[in-house]
Amino acid sequence: MGAGGPRRDAGPPDGGWGWVVLGACFVITGFAYGFPKAVSVFFRELKSDFGAGYSDTAWVSSIMLAMLYGTGPLSSILVTRFGCRPVMLAGGLLASAGMILASFASRLLELYLTAGVLTGLGLALNFQPSLIMLGLYFERRRPLANGLAAAGSPVFLSTLSPLGQLLGERFGWRGGFLLFGGLLLHCCACGAVMRPPPGPPPRRDAAPLGGRARRQRLLDVAVCTDRAFVVYVITKFLMALGLFVPAILLVNYAKDAGVPDAEAAFLLSIVGFVDIVARPACGALAGLGRLRPHVPYLFSLALLANGLTDLISARARSYGTLVAFCIAFGLSYGMVGALQFEVLMATVGAPRFPSALGLVLLVEAVAVLIGPPSAGAHGRLVDALKNYEIIFYLAGSEVALAGVFMAVTTYCCLRCSKAIPPGPSAEGGTSDAEEVEAERDSEAMPAGTEEPSSLAALEVLGPRAGSPEPEEEAVPKP
């Protein structure tokens, strides 16, 4: 996969085949975030067929989301071991097989195992590698690329739900699941285009990296010693507690305020339309030269704006104020979606991004189980208090706290650490064997080649993991 001619510089290409990768990442992001919510349109039929309650059928989407987030470390290990393309191809087949098998289910437990576990795992094995590959192809335009890829979430959410409704009416939930399974095969097509970017050929002196050192790097938990990463993880946990709750409760909140059903449902469409525009626009804004060094603060501002929107609009009762809330919420929600992974990439760098993303998704899975997708503890408060205002106050406070925490810790703590020269163990304390080899390699390399060697290491992980033969094949390539 190293063919493709010489590179102008050592960094990512920032274009070329990267635009194809971006398109595939757009589709994968749309499936990953939109599919669990789109499946909910079949819940009414599932309730009648299986004689179950709403909470029982809602576990299908909940398990799917839990697998999407909770299997992050497993996905990181597989990507490091086999590469992005094979993992995504396998994930596409798993996701499709899960929905096809679910169409033959005769019990809810079978739906949990097929549509929940299998499809959720398949989506996870597509989502994380696509983000990793996007980071390998873009650097200068990476904020814009992240924003465009993140726009797949609202686009697919606004199309998959009506499509599911149409399929359910014409073919029933079994036919809808079967056709959705075929639709998920597009993940395999997206995985097929995920070839590694062309880079400098692997050096012969880098080959002696032993299997033991490589196994230690399958999941680089040493990234947890990075203070900036710890700050990001805590921020994401606080954010995930409340970010999705208003969108989940919005329609019921509007109905409770006396808004007709059709107009209440249209409120989510307003959020989706604003979100579609906000994500790429925010990505382009974050890529500007003066703003890009301050992307963590921009992310903090987006979180604070989202939290304050919830707090200010908690007492909104008229349809006009609810529309204004949806516009403000969609704008801030889109900014958060566009910037969240850009901040992580900028924090840990490309070499440690797979492990860092896996750990972040695992933490987010815990937060999702506490808060969304069925509003978790927030939903139980609604049932107990019969009052949506308190839930909006609580969710807004959690998101605003995440924004304040991110900004304050970034300014007060991390700026101080930048003034301290990095020590020999600054980049991963548990990977001493690899650092010694990297030091050896750098003696024979000109200055400024650390980043391409890291990218090249990621590119050859897949072929080398299966057997040592690709190592020898890669050496003679120009």
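The expected span of a helix is 1.5 Å times one less than its number of residues, and helices (H or I, at least four residues) are DSSP runs, numbered from the N terminus. This is a predicted model, in which local features need pLDDT of at least 70 and side-chain atom pairs count only at pLDDT 80 or more, while totals for chains, interfaces and linings use all residues. Residues are numbered from 1 along each chain as its sequence is written, and side-chain values use heavy atoms, with hydrogens and water left out.

Q: How do you know what span to expect for helix α14?
A: Helix α14 covers residues 295-312, which is 18 residues, and at 1.5 Å a residue 26 Å is expected; its first and last C-alpha lie 25 Å apart, close to that value.

Q: What span does helix α12 reach?
A: Helix α12 (residues 245-256) has twelve residues and reaches 16 Å from first to last C-alpha, close to the expected 16 Å. After α12 comes Gly258, with a positive phi near 95°.

Q: Why is Arg279 called buried?
A: Buried means under 20% relative accessible area, exposed over 50%, and partly exposed in between (1.4 Å probe, protein chains only). Arg279 has a relative accessible area of 5%, so Arg279 counts as buried. Arg279 is placed in helix α13.

Q: Why does Leu285 count as partly exposed?
A: The relative accessibility of Leu285 is 37%, and therefore Leu285 counts as partly exposed. Leu285 also lies in helix α13, residues 261-286.

Terms used. Helix = DSSP H or I, 4+ residues; strand = E, 2+ residues; numbered from the N terminus.
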